[in-house]
Amino acid sequence: VQLQASGGGLVQPGGSLRLSCAASGSIFSIGAMGWYRQAPGKQRDLVAIIPSGGSTNYAESVKGRFTISRDFAKNSVFLQMNSLKPEDTAVYYCNARSITRHYWGQGTLVTVSS
């Protein structure tokens, strides 16, 4: 499974960005897809996850501001980020899970700064 993420950039506090991630390869093996982020000097943390069936799950820090969605026909997952804060600055990684392993995209940088 290969994951190609896009959509990062520089945005002012209070602004919005939409991240996209397209999966290719052995996509039949994918269950949940999601987004993680890693700020400088910190560990990589879950932001949001959406399973192939069932409800989504969000980190407390992004609830009410971020929305994860999935297009099964296009094998893609999206992260709509609104009301961005400087503490949202991080490299965002697309993630896909099969029964046996996690797959990671290359990461896309989101910088929230005035």
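A search of the whole structure, which is a predicted model, finds three salt bridges, a salt bridge being a side-chain nitrogen of Lys or Arg within 4 Å of a carboxyl oxygen of Asp or Glu. The pairs are listed below.

| Salt bridge | N to O distance |
|---|---|
| Arg 37 and Asp 88 | 2.9 Å |
| Asp 88 and Arg 65 | 2.7 Å |
| Glu 60 and Lys 63 | 2.7 Å |

Residues are numbered from 1 along each chain as its sequence is written. Local features in this predicted model need pLDDT of at least 70 and side-chain atom pairs count only at pLDDT 80 or more, while totals for chains, interfaces and linings use all residues; side-chain values use heavy atoms, with hydrogens and water left out.

Arg 37, Arg 65 and Asp 88 are linked in a network of salt bridges. Arg 37 counts as buried at 13% relative accessibility, and Asp 88 is buried with a relative accessible area of 1%, where buried means under 20% relative accessible area, exposed over 50% and partly exposed in between (1.4 Å probe, protein chains only). Arg 65 is buried as well. In the remaining pair, Glu 60 is exposed at 62% relative accessibility, whereas Lys 63 is partly exposed at 43%.

The strands can be described next. An open sheet of four strands has the order β1-β3-β8-β7 with antiparallel pairing, two strands being paired if DSSP finds at least two bridges between them. Its edge strands are β1 and β7 (66-71), each of which pairs on one side only. Neighbouring strands of this sheet are turned by 15 degrees against each other on average, direction ignored; the axes are lines fitted to C-alpha atoms, for helices over the stretch in contact, and angles run from 0 to 180 degrees between N-to-C directions.

Strand β3 (residues 17-24) has a covered face of Leu 17, Leu 19, Cys 21 and Ala 23, and an uncovered face of Arg 18, Ser 20, Ala 22 and Ser 24. Five bridges join β3 to strand β1 (residues 2-6), with Ala 23 as the bridge partner of Leu 3. Six bridges join β3 to strand β8 (residues 76-81), where Ser 76 is the partner of Ala 22 and Met 81 that of Leu 17.

Leu 3 also belongs to the largest nonpolar core, which has 30 residues and in which Leu 3, Trp 35, Leu 79, Met 81 and Tyr 92 touch the most other members. Such a core is a set of buried Ala, Val, Leu, Ile, Met, Phe, Trp, Tyr and Cys residues joined through side-chain atoms within 4.5 Å. Leaving aside neighbours within four places in sequence, Leu 3 is in contact with several residues, including Cys 21, Met 33, Cys 94 and Trp 104, contact meaning heavy atoms within 4.5 Å.

Gln 12 lies in the loop between β2 (9-11) and β3 and is exposed, with a relative accessible area of 55%. With neighbours within four places in sequence left aside, Gln 12 is in contact with Val 112 and Ser 113.

Key: Helices (H or I, at least four residues) and strands (E, at least two) are DSSP runs, numbered from the N terminus.
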